[in-house]
Amino acid sequence: MTIRRTSLITAATVLALSAVAACDDGDAQSASTAGSAPAAASPSATPSASASATPSASASSTPGATATVTPTATATATAFASANGALVDASGAFDPAVALANADRTPYAATETMRTTAAADGQESVITQSGRVNFNTPTRECRIETKMTLGDSDEPMLWMESVSTGTATFMRDRTKPGSAWSSAGTAGDDNAPAEAGAIAYAKALAAAGPAARKGMEQKNGVAAYHLGARLTADQIKAIAPKEHKKLVDKGVTAVEHDIWIDRAGRILAQQQSMKVPRGGTSVASVVTVAYSDFGPRETFPAPASAAAAS
């Protein structure tokens, strides 16, 4: 039974990891579709009431209620944005739809830290992923290390390192000393920008109405707007078609998704939780991602050994 449960948890963890980190061409395309109709902005420079600095201002919705992700009329956001993003009121609050619509598309780099947990029948697996990632680039550019452990063990059952140069991806198995780098695809193979999926969700949540607008919070030491809602599989289909297929194939009917953005429209953090039915049981999975240490775009060259072998 231990082997079976481990397999179930592993499958659920990998599903959750691939869902929140979805960076494929389908999700990139849906980002422009979902973001084409952000919530209407107020005609004054002061953000709308739903952007109040008091988080409880949007707490009138019932916890766990499913938000209606129905885009409203497109906002004329430029009039309410500053050179550094959305304008803020006296309390420091801003309109998230304006911030996203006026986000600076200049490429930049950040440290991405991800933690995925999956638990069932008293057993838990943990995947941690960290590294530097470029954003606002045509294709994925990063250097990432991923580890997976089970239960209380610190011994990784999976430990991978990957490099995406923008035109190709290389990987190596760190659990095997001296493991060589190998090619894992090109720019045309699931190698879209890292932020595509998160931006699609953020824009859809910003357009979903007051229930999804949770208000201003501090996130990673930065003033952030919290967007969040319970999204059904059908709603996810309109936001991220390829992720929707993965979830439906695994029997997932709904996902709790939360995103925090700054006034410049950058994603500061996101969290996704779901229950995956497997073999008569249910695996609870939670993925949290944080972005920090923002800086200029970085170069991620192919590993020397991989380049020499190609």
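Predicted model: local features only at pLDDT ≥ 70, side-chain atom pairs only at ≥ 80, totals over all residues.

Trainee: Which residues touch the most other members of the largest nonpolar core?

Mentor: In soluble globular proteins, nonpolar side chains tend to be buried together. Here the largest nonpolar core has 45 residues, and Phe94, Tyr201, Leu231, Ile261 and Ile267 touch the most other members. Helix H4 (residues 196-206) gives the most to this core, with seven residues. A second, separate core has six residues, including Ala168, Phe170, Phe300 and Ala306.

Trainee: What does tyrosine 201 touch, leaving out residues up to four places away in sequence?

Mentor: Tyrosine 201 touches Leu231, Ile236, Ile239, Ala240, Glu243, His257, Ile259 and Gln272.

Trainee: Is histidine 244 buried or exposed?

Mentor: Buried means under 20% relative accessible area. Histidine 244 has 13% relative accessibility, so it counts as buried. This residue is placed in helix H6 (residues 241-249). Beyond its neighbours within four places in sequence, histidine 244 is in contact with Ala233, Asp234, Ile236 and Lys237.

Trainee: Where is aspartate 121 found, and what is its phi?

Mentor: Aspartate 121 is in the loop between strand E3 (108-120) and strand E4 (123-135). Its phi is positive, about 55 degrees, although aspartate 121 is not a glycine. At 44% relative accessibility, aspartate 121 counts as partly exposed.

Trainee: What is the phi of asparagine 136?

Mentor: Asparagine 136, also not a glycine, has a positive phi of about 65 degrees. It lies in the loop between E4 and strand E5 (141-150). Asparagine 136 is buried because its relative accessible area is 12%.

How values were computed: Residues numbered from 1 in each chain as written. Heavy atoms only, no water. Helix = DSSP H or I, 4+ residues; strand = E, 2+ residues; numbered from the N terminus. Buried < 20%, exposed > 50% of the residue type's maximum accessible area, 1.4 Å probe, protein only. Contact = heavy atoms within 4.5 Å. Core = buried A, V, L, I, M, F, W, Y, C linked by side-chain atoms within 4.5 Å.
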